[in-house]
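Here's my note on the aromatic rings, for you to read with the structure open.

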Amino acid sequence: MNRRNLDIDRRCRRLKEGQRGQGPVVYWISRDQRADDNWALLWAQQEAMVRQKALVVVFCLIPEYLGATSNHYTFMLRGLTGVQKKLQKLHIPFFLLEQSPVEALPCFLRQIDAHVLVSDFDPLRMKRQWQKQLIEEVAVPFYEVDAHNIIPAWFVSEKKEYAAYTLRPKINRLRDNFLTDIPPVQKHPFEWNLNATGFNSSSFSALTSDRDSTGKGKLPSGEAEAQLAADLFVDSGLAKYPASRNNPCVQGQSGLSPYLHFGNLSAQRLAWMVSKSELPVEDKAPFLEELIVRRELSDNFCLYEPGYDSFAGFPEWARKTLDLHRDDKREYIYTFQDLEAGNTHERLWNACQVDLVQNGKLHGYLRMYWAKKILEWTSVPEAALEYAILLNDRYSLDGRDPNGYAGVAWAIGGVHDRAWKERPVFGKIRYMNEVGCRRKFDVDGYIASVYNGDKQR
Ligand code: FO1
């Protein structure tokens, strides 16, 4: 591969120029934790091939990432172990540095006389701060590749979109052009003499073994498991998706969001598999809408709205209406502890909370109802937002993700939604309650299935 592949190039943007070293090209892997279908790895490899350099991958492990628990770290680290093994077979050394990237990378790059630095795109505040600091600190050229979205977030829109209907046409115009198959990563021809720098790629065993393996590791993690789950969903779940996606009593959703969150599965690979399946278009459309439009809308929101996790990030109409109803009487007020323990007067809500804590996920439809009740049962909207984000990030395996922040902001602050009939506390924010859920699915069946630990959901 000596001529440049335009399909790879157009997903990359340069963050800064610099002095190229004689050592390897470095891909700092973070959001897209996979060897296959990873545009950032592919761009880094292309750069290394064209310049006849070695290629290394480095992951910076941060012990406290946005309140992640040992369940998240166990899931993530097991997945990374698989990535390391896959890369080793491709002669691409993998390093795990147990420090924040801002501390670890500048020194790592100097020690190996890196050629260039490549990172994967992530709109979250913490990642953008790291990136800003690294632009100051590192001497080598620094590139960013959007390996998470089908159309790079900065390319599909240069501003904060109002709702799905304003972003969808921009995506649809570009979708066929960007929704392509993804080339394989090659066995890398240029070796790099590891011991020359005294680096040994750290072993994961120490890190994974001391994590309580009894954690809710129900969902097997890693690229291979993600691909198996994606195959299973496309073969048998997709056809049922339109009918069962809003019914928490059946396994109607893909269950792929933890794999998408940690990047074990490429959304583009999944969209490509779906688009290639011979199901009728109307069976695929709802899932592709979620997978493509809703996810790109979430990245767009976090990229262009600095207050994506605060009241300030709500649209003006929502801030106004919530302010107007700030002093409305709340029939019930619960503390964070009440909510975390699932100790409210509403059985359905309590079941959702138990489900979230026990299974590390909450059905999409229920998550909307669950978040909206927190708005109803707290004294101010800011507390509701804080509690909903804290609980989702702490207990949901796919927490700490743009999808989660946009989802909570939609439920509590009307982000990407429109004004509805005005009522106490909510103002014009869309209202949801148990009666509405009973119209959609068997609420008692769901509650029973949670408390008898039924896996069918
Ligand atoms: N990314 C990292 O680069 N290093 C970490 O140590 C790390 C821990 C982590 C724990 C839980 C979690 O949900 C995500 C974590 N991430 C980490 C980030 C993740 O890879 C994603 O980039 C973002 O959370 C989604 O934008």
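1. Start with R11, which lies over the face of W39. The distance to the ring centre is 4.0 Å in this predicted model.

2. How many aromatic pairs does the structure hold? The count comes to 22. One of them joins F95 and F108, with 5.4 Å from centre to centre and 65° between the planes. That makes this pair edge-to-face, because angles over 60 degrees get that label.

3. Where do those two rings sit? F95 is part of strand β4 (residues 94-97), while F108 belongs to helix α4 (residues 101-111), so their pair ties together parts that are 13 residues apart in sequence. Are they buried or exposed? F95 counts as buried, at 1% relative accessibility, and F108 is buried too, with a relative accessible area of 1%.

4. Next, have a look at F233 and F287. Their ring centres are 4.7 Å apart and the planes meet at 45°, so this pair is tilted. F233 comes from helix α9 (residues 223-237) and F287 from helix α13 (residues 281-304), so the pair ties together parts that are 54 residues apart in sequence. Both F233 and F287 are buried.

5. Last, a group to pick out on screen: which residues form one aromatic cluster? They are Y332, Y334, W349, W370 and W377.

Methods
Residues numbered from 1 in each chain as written. Predicted model: local features only at pLDDT ≥ 70, side-chain atom pairs only at ≥ 80, totals over all residues. Heavy atoms only, no water. Phe/Tyr/Trp six-rings, centres within 6.5 Å; stacked < 30°, edge-to-face > 60°. Helix = DSSP H or I, 4+ residues; strand = E, 2+ residues; numbered from the N terminus. Buried < 20%, exposed > 50% of the residue type's maximum accessible area, 1.4 Å probe, protein only. Lys NZ or Arg CZ within 6 Å of the ring centre and 35° of its normal.
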